[in-house]
Amino acid sequence: LLRGVLAAHVLGDPALAPQVGWLSLAVALTVASASQSALLTGLRRIGDIARVQVFSAVLATALGLLALWAWGLAGIVAYVIAAPLASFILSQMYVARLPRVQAPRSDLAELSAQWRALARLGVAFMVAGLAGAAGQLVIRTMVQRDLGADALGQFQAAWMISMTYIGFVLGAMGTDYYPRLTAIIHDRAAVNRLVNEQTEVALLLATPVLLAMLALAPWVIRILYTAQFAEAAMVLRWQVLGDFLKIASWPLGFILLAAGAGRTFMLTEWIAMGSFVLFTWIGLPLIGIQATGVAFIGLYAVLLPLVYWLAVRRTGFRWQRAVLWHLLLACTAALALVGLAQWSAIASAALGVLLAGVSGVYGLARLGTMAGLGGRLGQV
């Protein structure tokens, strides 16, 4: 219904209203596939979730590339719809295989109490999610209006890469870590132990990727896009620095979710995204498109102390020394790579690849120890 308004005021071109209208189909498919994924997650069907994500990514890529090859620019809308369509189809296939559950008849009053609790928490989550979506939309609009469409493309290129490579770690938290944390949320010692363990695992998995991305950002941009997107490399580097803080903050944020503190979680998200928008608004006239990357660091520089303080108040949480050292060493190495890149991109790339390899080997060894792997795999 609002396609004309969105096309005129967000995209700046009323003629794009039909394309915006088609995106409603993508939204509907996203909602439907999310409900299927929620069911698989609730039943802890971890293997099925992994298969859906892998196969839907392959199918969406094939459909999207086919649409672009066949229709060119006119196929962009089909390309956008391809991802939720593939996810919906694959999720439905695996949900259809689930055994039928014979639930006993429940009293309406009992069901109503559960519905009210779900509604209160669900509204808070939805408003928190709206903060992220609205914040990104405002920033994209500011960049386009102040710096033009080319700068918006630079920002979008860096943002998509940043959100993609870190997604494999953060997505796993919602699938496995969140349900486990919810089950033990009233046991402070167990909660603190699990949060520290999850933070360490996330850092072990992500640090090699982040260091490699910092070192190779100009080449990654050139391979995935073109040389004309070179300016996005520095934005990406700023975002990678922010990702270290993001990884440290995410396990803490799940404490609020597991405890059902929906309003507090909602407030933290709005404060964080408000900081992102504010820092971007201040920085755009001063440093141009790089302001979006610096503001991303500012977002998590605000959020991390906030969620840590809330975790301390709720569970008496404290980071273990090993986690603190890992975070400190990783951030120091990242800052050194960014500084070295100002002097020599080649030297920064060589050192970054070396550090990524060392941290990757250490991470595998440490994960093997934490998981108690034995036999040949443990030896490797």
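I looked up α3 and α4 and found them roughly antiparallel, which here means an angle over 145 degrees between N-to-C directions. Helix α3 covers residues 46-71 and helix α4 residues 76-96; their axes come within 8 Å and cross at roughly 150°. I noted that the axes are lines fitted to C-alpha atoms over the stretch in contact, with angles running from 0 to 180 degrees. Helices here are DSSP runs (H or I, at least four residues), numbered from the N terminus. The α3 and α4 crossing is right-handed, with the near helix turned clockwise from the far one by less than a right angle.

A note on the source: this is a predicted model, where local features need pLDDT of at least 70 and side-chain atom pairs count only at pLDDT 80 or more. Residues are numbered from 1 along each chain as its sequence is written.

Next I checked α7 (residues 188-224) against α12 (residues 345-371): they pack at about 160°, with axes 8 Å apart. That pair is therefore roughly antiparallel too, but the α7 and α12 crossing is left-handed.

Then I turned to α9. How many residues does α9 have? I counted 26, residues 262-287, reaching 36 Å from first C-alpha to last, close to the 38 Å expected at 1.5 Å a residue; the expected span is 1.5 Å times one less than the number of residues. A kink of about 25° lies at W281, shortly before the proline P285; this bend is the angle between axes fitted to the seven residues ending there and the seven starting there. Just after α9, I found G288 with a positive phi of about 70°.

Notes. Heavy atoms only, no water. Helix = DSSP H or I, 4+ residues; strand = E, 2+ residues; numbered from the N terminus. Parallel < 35°, antiparallel > 145°, perpendicular 65-115°, else oblique.
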